[in-house]
Amino acid sequence: MMRTLAMLCVVAVAQASFLDKIIHKHHGDDDHAELSVCNHDKDIFKVDAKRALTVTPYPPRTGHPFTVKLDGYVAKELRAVKMSVNVHFGFVPLTTVDVDLCGKIHCPIPQGPFTMTKTVTLPGAAPSGHYTISVKGHNEANEEVICGTIKVHIK
């Protein structure tokens, strides 16, 4: 019995260590949020994945406000944008939210440079750790507006 329990403990520690390495490798350094795009050539909202996303202060802290800014270029006027947002904590899915972007900002969005800035406060009960937010958006013609993933560490 004790031998089996000891083996289970060793396996659990090894798995936790392995998962921790994957998470830290997967999310890179904790000095900035990472943005990656699915298919930049097809997206109507064009972003430079290395410079488009700013989160201040970084890392964000639960219970404190932080600001997210996304810069890009709208290739053609957008009259309607429906988005699906999936949030994961590590590998655990937390929520999926469908958003009518034009219900949140003024539409139509004209062709040209575009900046969206939002200040939010996470609940103090939110656990610190690595979060992944996947976003897909389509216009009224079902054309892909944006598809990307944001990786952020929250303290």
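1. Confidence comes first: the mean pLDDT of the protein is 80, and 80% of its residues score at least 70. pLDDT is the predictor's confidence in each residue, on a scale from 0 to 100. This is a predicted model, in which local features need pLDDT of at least 70 and side-chain atom pairs count only at pLDDT 80 or more, while totals for chains, interfaces and linings use all residues. Residues are numbered from 1 along each chain as its sequence is written, and side-chain values use heavy atoms, with hydrogens and water left out.

2. Where pLDDT is low, the predicted coordinates should not be read in detail.

3. Of the contacts between residues at least 6 apart in sequence, 66% join residues at least 24 apart.

4. Now the sheet. Five strands form an open sheet in the order β1-β9-β8-β5-β6, with antiparallel pairing. Its edge strands, β1 (34–37) and β6 (92–100), each pair on one side only; strands pair if DSSP finds at least two bridges between them. From one strand to the next, the twist averages 15°. Between the antiparallel strands β5 and β6 there are eight bridges, and Asn86 has Thr96 in β6 as its bridge partner.

5. The largest nonpolar core deserves a look. It has 28 residues, of which Phe45, Leu70, Val74, Leu78 and Ile109 touch the most other members. Such a core is a set of buried Ala, Val, Leu, Ile, Met, Phe, Trp, Tyr and Cys residues joined through side-chain atoms within 4.5 Å. At least two core residues come from each of β3 (53–56), β4 (65–74), β5 (81–89), β8 (129–139) and β9 (144–154). Leaving aside residues up to four places away in sequence, Phe45 touches Leu70, Asp71, Gly72, Tyr73, Val74, Phe114, Val145 and Ile146.

6. Asp48 counts as partly exposed because its relative accessibility is 34%; buried means under 20%, exposed over 50%, and partly exposed in between (1.4 Å probe, protein chains only). Asp48 and Val37 lie 8.8 Å apart, C-alpha to C-alpha, and 11 residues apart in sequence.

Conventions
Helix = DSSP H or I, 4+ residues; strand = E, 2+ residues; numbered from the N terminus. Contact = heavy atoms within 4.5 Å. Axes fitted to C-alpha atoms, helices over the stretch in contact; angles between N-to-C directions.
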